[in-house]
Amino acid sequence: MIAVRRLWLLACGCLPAGMVLAQVSVLSPAPDAVSLTIYRDDLALVTETRQVELPAGEVTLQLQGVVESLLPQSAVISGSGRALVETDYRFERLTPASLLRRSVGKPVTLVRTAPGSGALTRLQAIIESVGEGVVLRAADGSEAWQCSRLPERLEFSEVPGELSAAPTLSVRLAGGEAGPRTVTVSYLARGFSFEADYVAKLNSSSTRMNLEGWITLRNDTGASFRQAAVQLVAGRLNLLFEDQGGSRAMPDDWEFDDDPDPDTGLPPSRQDQQRAREEARIAGELALLHGCWPTGTSTSELPSGLMLRMDVVTGGASAAGFDDGVFLEEVQVTGSRIVSREQLGDYQLYRLPWPADLNPRQSKQVAFLRKEGVHVKRLYRVVVPWYDAEETSPPDKASVLLRWNNDRASKMGEPLPSGTMRVFEPQGDGHVFAGESRIGDTPVGVPVEARFANALDIDADFTLQDEEDYRRSGRNGVRIAASHGFASRKDVAVTVEVRRRASDGQYETPVVVRSSLRVRREDGNLVWRFRLPAGKGRRLDYVLEAAELRY
Amino acid sequence: MRTLRWTGLGSLLLLTAAHAQTPTIGSDRQLSLTVYNTDLALIEHVRPANLPAGRHRIEFKGVSARILPQTVSFGAAGLELIEQNFDYDLLTPSKLMEKAVGQTVRIVRTNPGTGAETTETAEVLSAVGGVVLRIGERIEVLRDDGIPARVIFDKVPENLRASPTLSVLAESRAPVNSDIRLSYLSRGLSWAADYVAVFDETAAQASLQGWVTLTNNSGTGFADARIQLVAGDINVVNNEAQWLQRFNNRRNATTRRGGTESTERTQLADYYLYPIAHPTTLASNQTKQVSFLEAPRIAATKGYEQSFTDFSTLEEPVSAEVRVKFSNSRAAGLGEQLPSGVVRVYARDGQGQPQFVGEDRIDHTGAGSELALKIGEAFDVTVQPTLESTRRVSSRRTEYEMRYVVRNARNAPVTVTLRQTGMWRFNEVTQQSREGRRTDARGFAWDVPVPANGETELRFTIAQWL
């Protein structure tokens with residue numbers, strides 16, 4: 001029933017140290033088909049299908065062209081018909097710093113430019129050490145690189161092998177019969193995400209809306225996909241941070257700001273922040289490689305302003321900058337076809353019905369929802385906290401919100417993944433943008449509210465008429481009398497809602513002693529809801545009492 | 001075998017060349033790594049030695065760069081250890097200049113106008129804050145004039161190295177022709193278990209695959225090493241990784257009941273050993289995975305849970321936690337202990353393709369335990385709490401009336417386990433719309449069945465007092 005595998009390799013263990021095992025290696029340069037399942041949390045499941053020709057006996061499959069950001073501990077390989085012995089993943093990016101570090105002990109050419117004449121001198125040297133600075137050994141002695149203030153550069157004859165390879169996952173398979181196999185490789189990789197956006201178009205009386213849902217998916221990796229099957233999973237997966245062995249990247253460092261992009265007004269994506277961090281790390285590492293001995297001069301400890309200080313030329317430090325062009329994004333919008341939805345466990349899975357190309361650093365938009373004539377209610381809401389500094393703070397401005405039930409009766413009844421909803425109101429022949437709101441993950445059968453603007457044409461004021469402490473049956477309490485005034489400049493009647501939180505941990509649930517309008521309890525709040533006629537005013541007066549909970 | 005404490009830096013300098021003879025030490029004849037899962041490994045090198053009688057300085061190349069030098073143990077028949085050094089004085093331009101104080105270097109100046117070079121010999125007087133030189137009768141500061149000046153060092157001091165190096169000073173009365181055994185603890189090597197569970201909800205089954213993920217961040221590669229892995233929490237002082245792992249495992253509470261079954265796995269005292277049966281090469285910065293467990297069919301179910309630690313109202317419903325529950329008992333189809341690690345759970349989509357649905361961490365789990373992995377939050381199963389009222393019924397006693405609306409948008413009925421925890425010292429349920437149970441002195445739980453595409457309301461009143 002269960003097979004517990006011994007950690008066993010067929011290779012002979014008696015080879016002398018350092019000798020490479022004589023292994024058969026099969027190279028698969030690229031996947032034949034790719035399926036990409038994108039999650040909202042900077043993560044995707046990549047499933048690759050590869051045709052390989054397996055020889056008999058133990059073999060190492062070199063799976064080239066995997067996504068660089070793959071999490072090796074998540075890799076699953078099936079379809080080989082052989083026992084899996086081990087998998088290795090190693091990838092090091094070629095950077096100025098990694099080039100130097102991987103070249104220790106190797107010959108390089110040091111090229112100097114003489115200041116006056118511009119004459120070049122070439123010197124054969126060996127990199128002796130790369131730490132805080134670089135030490136070179138040449139025929140006539142040892143020297144530190146870039147400590148002389150002469151323009152100096154290093155020339156390498158080749159990129160070290162570890163740095164030139166494409167991202168490759170090596171899979172060692174136990175022996176078996178020779179023949180062609182279709183191997184499926186799946187793994188999680190970071191750098192993918194998607195989000196939902198909604199466009200709601202209201203009718204002139206704000207009783208119906210047409211709702212469109214769009215998914216914007218992003219590939220922030222350097223990998224490109226051709227004719228990939230793409231799925232999107234809307235759900236909140238339990239993901240652990242990588243220091244716990246999980247798949248989620250560590251939280252961003254505080255030192256990298258999250259100022260919005262001046263052009264788009266959007267906050268930087270997780271990838272942008274990671275890229276900034278990576279750049280800073282490389283620049284920092286590079287600066288470290290350019291260390292020298294103390295370079296103070298006779299005047300460097302004198303007060304500044306009295307002297308001209310010669311700066312050390314550390315030419316390489318600025319070379320860590322990247323070509324801006326790399327970060328340009330291309331946005332693709334698909335046609336009017338709508339993706340299909342199915343349930344995956346407790347999440348929603350959206351499937352693009354056609355194979356898609358996804359380029360590096362590309363985002364793509366697809367429609368996933370289209371509903372017409374959804375029944376909505378438009379409300380103007382004022383929220384008042386229960387007895388919290390109400391003498392000093394005026395109530396919130398009345399906010400405008402749309403409320404609907406996510407069910408069939410309201411002509412909806414579709415799961416809504418969290419996203420930004422943009423509301424458009426009719427004007428003349430077209431529509432104008434009226435505001436936007438975040439909506440959370442909303443299953444079918446749950447009421448939805450989208451608060452998309454603050455009302456300009458509704459004035460709401462608040463007066464604390466009276467406030468007194470009372471003592472009754474040996475208990476202290478507070479009684480408040482309050483009034484709200486509303487004035488409308490709109491040309492239609494609107495519904496106004498006043499919500500007062502009914503509990504705050506210091507007082508019992510308040511009792512409404514008197515109210516000029518009907519009050520009800522909803523979701524733990526006191527709620528007044530009434531019509532405000534066009535161009536008219538209305539008042540709400542009430543008295544509340546609540547006993548203290550304190551002992 | 002003798003064990004000596006690390007004796008400190010710089011003692012090499014005391015050694016005069018006359019004492020030392022050039023020894024020949026071969027490369028690793030055998031290399032064993034015992035890797036713990038808390039950023040620690042025991043490394044043993046066996047190297048053939050061929051030494052004449054006398055005193056020798058023996059340098060060990062290729063030891064872990066993150067060696068804990070105070071744990072080094074050195075043993076060879078006929079060799080007596082005098083002292084042991086771990087040099088981590090790395091060769092940098094700055095160190096090179098520091099070590100050149102009192103020595104002569106060559107200064108090559110380049111005329112900025114003509115490019116002509118002039119070479120002078122200088123004595124380095126100081127290298128603190130700047131470099132002070134004596135050139136003939138003159139004293140000057142290097143590069144005070146801003147003119148390009150190269151500094152050429154005739155040789156690099158012996159104890160400045162490109163990587164940290166372990167060396168010992170040893171003496172033998174007779175020629176030695178045997179193996180030297182060197183063992184030490186090192187950081188930077190670690191392993192973790194990773195599991196892949198493919199969960200089939202309709203069949204109430206899961207398959208489980210276990211992988212050992214070995215990581216080598218020690219800065220050194222190890223060729224053809226015999227590796228064994230130790231699963232268990234050995235105590236190590238000041239080990240942040242271990243502390244973090246214990247903290248995370250406890251906080252997570254995936255183990256619902258400890259197991260009582262024993263297995264055939266080799267035990268080392270209170271720990272389990274996982275040997276890798278063939279020599280393995282572990283390169284620097286490499287992540288390697290080795291399979292260690294495969295169970296094609298174990299019984300597994302799914303459950304929904306949500307805990308509330310206070311009495312309050314939420315304007316928006318919260319999603320219920322989804323947990324996959326299984327046992328690693330023999331009866332359930334597993335019968336193996338599970339070393340601590342992350343379980344990644346997959347479910348098949350409408351086309352039969354496995355899709356990732358979440359992950360959770362398990363502690364070292366003895367066989368026969370019951371586990372409940374939190375994989376995510378249900379899109380379609382939600383709970384909305386409302387604090388209906390707070391009443392002070394006597395001078396000490398307060399009653400809280402709660403209403404929980406549990407909604408299910410799935411097309412199958414579900415049961416949600418709802419917990420109310422974190423109450424005061426004395427508490428009781430005075431009213432409830434359906435029968436619940438007390439879970440501990442300060443908590444209650446209700447199992448709330450919800451029909452397909454429907455909702456169920458749970459109401460209860462809890463009185464608590466101090």
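In the predicted model, A:Arg236 stands opposite B:Glu377, a residue of strand 27 of chain B. Strands are DSSP runs of E with at least two residues, numbered from the N terminus. Strand 17 of chain A (residues 236-237) is joined to strand 27 of chain B by two bridges, and the two run antiparallel; strands are taken to pair if DSSP finds at least two bridges between them. The model is a predicted one, in which local features need pLDDT of at least 70 and side-chain atom pairs count only at pLDDT 80 or more, while totals for chains, interfaces and linings use all residues. Residues are numbered from 1 along each chain as its sequence is written, and chains are lettered from A and ligands numbered from 1 in the order in which they are written.

Strand 27 of chain B spans residues 370-392 and is mostly covered, with 17 of its 23 residues buried (20 or more other C-beta atoms within 10 Å of the residue's own, C-beta atoms being placed from the backbone). Within chain B, strand 24 (residues 318-327) pairs with strand 27 in the antiparallel sense over nine bridges, and B:Lys325 stands opposite B:Ala372 of strand 27. Strand 19 of chain B (residues 255-257) is joined to strand 27 by two bridges, also running antiparallel; here B:Thr255 stands opposite B:Leu371.

Strand 28 of chain B (residues 397-408) is joined to strand 27 by 11 bridges, and these strands run antiparallel. B:Thr390 stands opposite B:Tyr400 in strand 28. Strands 27 and 28 of chain B form a hairpin with four residues between them.

Technical notes:
A residue is buried if 20 or more other C-beta atoms lie within 10 Å of its own, exposed if 12 or fewer, and partly exposed in between; C-beta atoms are placed from the backbone.
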